[in-house]
Structures are given as structure tokens and as C-alpha cells.
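Notebook open. I wanted to go through confidence and then the aromatic pairs.

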Amino acid sequence: MKKSLQALIVLCACNISFSAFANTTSAMESPLSIPFSQQLQSYQYSGVINNDATNDFSFYGHQGQKITTFVTSNSAKLWVTIKHPQMKQAVDISAISTNPNQRDTYTLPFTGQYHIAIGEYPAISQRNSTQNYNFSINIK
């Protein structure tokens, strides 16, 4: 009984978390392309999140490459996801992207075009507000 209750709580928490990602719109016309190359292996961007809109980025990566992402904001708790067409759903990489003490990497499982979305949790977002943020990504 205790284990089933714990599993139910975890399942509900995941559902709430993933529904936060699903109910958003992109603030950009199309994803901002990150032009990684042999010479350019890191990228930085300063942007604004408006309410429950997302900022979207795309880049080409190879299976086995590792990315490190970091997102900072003065006043908001932001989420970060990564998605590839062969993935069934986006992967939440917020834990490795928003904690300045944790510099973990995410290993790309496929070769091809990836999309990163950054947004503000709707429950935390204030109506008609904007949040400034900084985003950096490195690929190896």
C-alpha cells in the first residue's frame, strides 16, 4: 500500500511537470538556430520569457556528443527541455541546466536536428510578466 501511494505521488508529480511543458507557445517565430562547428562549440544567448511562452533553439548534433547547458534568471524558475524527432517526448534537462553547482552533461542519443525549449513554470509565472534570462550551451 505504501509503495503504491509513493508511486502514485511520483506519477502525479511527473504529470504536472510534463503538462507545464505541453501548454506553452513559442515566443519566437521559429527556433533560433545555433550554428555549431569545429570552430564554434559554445553559444550564449540573452533573452526574455513572456508569461507561458517558450524560447526555442535548434542545433545539429551527432550521437554520442555531450552538451552542457546553463540557464540563469534573476527572478524566475525556468524549465529546459531537449527533443529530437526520434524521441517519443522531450526530455527535461532542467536539473542540469539551472543549478550552478551541477555541471552535468547530456549525451545526445541520435544524430540530427535537436530542439531546446526554455520556459517559465505556469504556476510561478505572473500574469503579463516578462523574465530576462541567460542561456549558454557547450557541445563536445
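What is the mean pLDDT of the chain? I looked it up: the mean pLDDT (the predictor's confidence in each residue, from 0 to 100) is 77, and 69% of the residues reach 70 or more.

Housekeeping: I number residues from 1 along each chain as its sequence is written, and side-chain values use heavy atoms, with hydrogens and water left out. This is a predicted model, so I note that local features need pLDDT of at least 70, side-chain atom pairs count only at pLDDT 80 or more, and totals for chains, interfaces and linings use all residues.

Next I checked the elements (DSSP runs numbered from the N terminus: helices are H or I, at least four residues; strands are E, at least two). Over residues 1-25 pLDDT stays under 50. Where pLDDT is low, the predicted coordinates should not be read in detail.

Then I searched the whole structure for aromatic pairs and got five. Rings of Phe, Tyr and Trp (its six-membered ring) pair if their centres lie within 6.5 Å; planes under 30 degrees apart are stacked, over 60 edge-to-face, the rest tilted. Tyr 45 and Phe 57 are edge-to-face, at 5.2 Å centre to centre and 75° between the planes. Tyr 45 sits in strand 3 (residues 42-50) and Phe 57 in strand 4 (residues 53-61), 12 residues apart. Tyr 45, Phe 57, Tyr 133 and Phe 135 form one aromatic cluster.

Note on methods:
Contact = heavy atoms within 4.5 Å.
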